[in-house]
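Colleague: I have just opened this model and would like to learn how to read it. Could you walk me through it?

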Amino acid sequence: MTNSTPILQIHNLKKTFPAPDGYVEVLRGINLTVKRGEFVMITGPSGSGKSTILNLSAMLDTPTAGTIRFNGKDISDLKDYELCRIRKHEIGMVFQKFCLLPHRSVMDNVLFRFRYLEQIPDNAITLARDILNQMGLGSISTRYARLLSAGEMQRTAIARAVVLRPTLLVADEPTGNLDGASTHTVMECFRNLNKSGLTIIMVTHNQNLLEFCTKHKICREGLLE
Ligand SMILES: Nc1ncnc2c1ncn2[C@@H]1O[C@H](COP(=O)(O)OP(=O)(O)OP(=O)(O)O)[C@@H](O)[C@H]1O
Ligand SMILES: [Mg+2]
């Protein structure tokens, strides 16, 4: 692996799900290369397969056919513990619905990311505090997540996703529940993270956000253009 090795290389990826009358072919042969430092956006009609691509890229699901290379390695060749390490340390995820613990503080929500590590680093609180400051949440780190505005909730979710400094951030419609001003703040956070070296793949329905990306792909009926 060199620095020019793409983070993600997806080749002829297919995904079929069982359906009452047989099978539904959701992805019909996707190709996608995501290089280090890119900010890739995927748009396309509802049901075209965008979330399926992200879930496969984040290794939350397995393809029916085709290959996914992460940092140059075919993930179907990796042992479970290696996949687990990549999911824990190298990939962060952000969703439309934030997925926070409502009755825990902003800080606790970010610290939650450390929970599944074999060893919690001594500087976990410092890392969490630094990323919360970077997200503009330093002054409300003790506030319960349920009391936040939608934009603050999403910035907390982003802080949780990136506190371990992953190589890849996968974001599925992260601004789908936000108003215009919060969308802008969240996109500025993504832009700053991308500028500091984080590679991002994001799905959006908002065409106005395309100015933030370095590469745009359109998903239509299980194919990527
Ligand atoms: N686990 C599953 N079992 C069966 N069908 C599924 C499953 N997951 C997704 N599908 C189907 O695959 C198709 C693509 O779904 P996907 O969620 O990837 O679309 P999408 O492009 O993200 O849509 P949206 O913009 O509405 O979020 C849909 O028809 C969906 O019903
Ligand atoms: Mg979706």
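This is a predicted model: local features need pLDDT of at least 70, side-chain atom pairs count only at pLDDT 80 or more; totals for chains, interfaces and linings use all residues.

Modeller: Gladly! A polar contact is a pair of N or O atoms within 3.5 Å. Here, a polar side-chain atom of Ser-46 lies 2.4 Å from an oxygen atom of ligand 1. Residues are numbered from 1 along each chain as written, chains are lettered from A and ligands numbered from 1 in written order, and side-chain values use heavy atoms, without hydrogens and water.

Colleague: Which helix gives the most to the shell around ligand 1?

Modeller: Helices are DSSP runs of H or I, at least four residues, numbered from the N terminus. Helix 1 gives the most, with three residues.

Colleague: How many residues of helix 1 are buried?

Modeller: Buried means under 20% relative accessible area (1.4 Å probe, protein chains only). In helix 1, residues 50-57, six of the eight are buried, including Lys-50, Ile-53 and Leu-54.

Colleague: Which residues touch the most other members of the largest nonpolar core?

Modeller: Such a core is a set of buried Ala, Val, Leu, Ile, Met, Phe, Trp, Tyr and Cys residues joined through side-chain atoms within 4.5 Å. Among its 42 residues, they are Phe-39, Phe-190 and Met-202. Helix 5 supplies the largest share, six residues.

Conventions: Buried means under 20% relative accessible area, exposed over 50%, partly exposed in between (1.4 Å probe, protein chains only). Helices (H or I, at least four residues) and strands (E, at least two) are DSSP runs, numbered from the N terminus. A polar contact is a pair of N or O atoms within 3.5 Å; within protein, one must be able to donate a hydrogen and the other to accept it, and residues adjacent in sequence count only if both atoms are side-chain atoms.
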